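The sequence and structure are shown first.

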Amino acid sequence: LKVDVIEAGFPIASQGDFEAGRAVAREIRGPQIAGLARVFVKDIDVCWEAVKEATNPRIHTFVSTSDIHLKHKLHLTREQMLKQSADMVRYAKTFGVKVEFSAEDSTRTEIPFFKQQPRFVRSVLAGWQLAGIARIRTGLPFMITSGRDNSLSGINRDRPNLVGDPN
């Protein structure tokens, strides 16, 4: 495929996402196969189960950092979010794989919070060193969607809950 990393879904989101991620991990050789997980033990455990058979498994953890998400979605303070993130990155590392971390909804996070970035990075990365390498991509990530609005969200971009040949 000539790619470095394939993010093969969000395994805890549905049985279909889990099975699709596991199928990619079993079949594709060469690139790192990543699964997406929130900073919760159950998410990380399910993600690991989906990607563990890959030749190069990877766990991509994320957490919301905006005040609106912290308050209404996660019910966490910033300090609790930092601790949870650091604890769960350390937990994901116990599987002996590469771990990626992302801040969800960061465009709505107040700039003063990110001005404290060294504290944030130290808390989350727990002693890792940052390299001067950036991941640059063009276009949008590729995602298979059903074209139907099964979730009644009005978006019409639901992911199919099917693995394999539908016939």
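## The surroundings of Ser64

The side chain of Ser64 makes a polar contact with the side chain of His69 at 2.8 Å, a polar contact being a pair of N or O atoms within 3.5 Å in which, within protein, one must be able to donate a hydrogen and the other to accept it, and residues adjacent in sequence count only if both atoms are side-chain atoms. This is a predicted model, in which local features need pLDDT of at least 70 and side-chain atom pairs count only at pLDDT 80 or more, while totals for chains, interfaces and linings use all residues. Residues are numbered from 1 along each chain as its sequence is written, and side-chain values use heavy atoms, with hydrogens and water left out.

Ser64 lies in strand β3; helices (H or I, at least four residues) and strands (E, at least two) are DSSP runs, numbered from the N terminus. Ser64 counts as buried because its relative accessibility is 2%, where buried means under 20% relative accessible area, exposed over 50% and partly exposed in between (1.4 Å probe, protein chains only). Leaving aside neighbours within four places in sequence, Ser64 is in contact (heavy atoms within 4.5 Å) with His69, Leu70, Lys73, Leu74, Met81 and Glu104.

## Aromatic pairs

Rings of Phe, Tyr and Trp (its six-membered ring) pair if their centres lie within 6.5 Å, and planes under 30 degrees apart count as stacked, over 60 as edge-to-face and the rest as tilted; by this rule there are three aromatic pairs. Phe10 and Phe62 form an edge-to-face pair, 5.8 Å centre to centre with 65° between the planes. This pair links distant parts of the chain, with Phe10 in the loop between β1 (5-7) and α1 (15-27) and Phe62 in strand β3 (residues 57-64), 52 residues apart, and both Phe10 and Phe62 are buried.

The rings of Trp48 and Phe95 are stacked, because their centres are 5.0 Å apart and their planes are at 25°. Here too the pair links distant parts of the chain, 47 residues apart: Trp48 is in helix α2 (residues 41-51), and Phe95 is in the loop between α4 (78-93) and β4 (98-104). Trp48, at 16% relative accessibility, counts as buried, whereas Phe95, at 23%, counts as partly exposed. Ring pairs join Trp48, Tyr91 and Phe95 in a cluster.

## Packing of α2 and α4

α2 and α4 pack at an angle of about 25°, with their axes 10 Å apart; the axes are lines fitted to C-alpha atoms, for helices over the stretch in contact, and angles run from 0 to 180 degrees between N-to-C directions. The two helices are therefore roughly parallel to each other, since angles under 35 degrees count as roughly parallel, over 145 as roughly antiparallel, 65 to 115 as roughly perpendicular and the rest as oblique. Where they meet, Val41, Ile44 and Asp45 in α2 face Met88, Tyr91 and Ala92 in α4.
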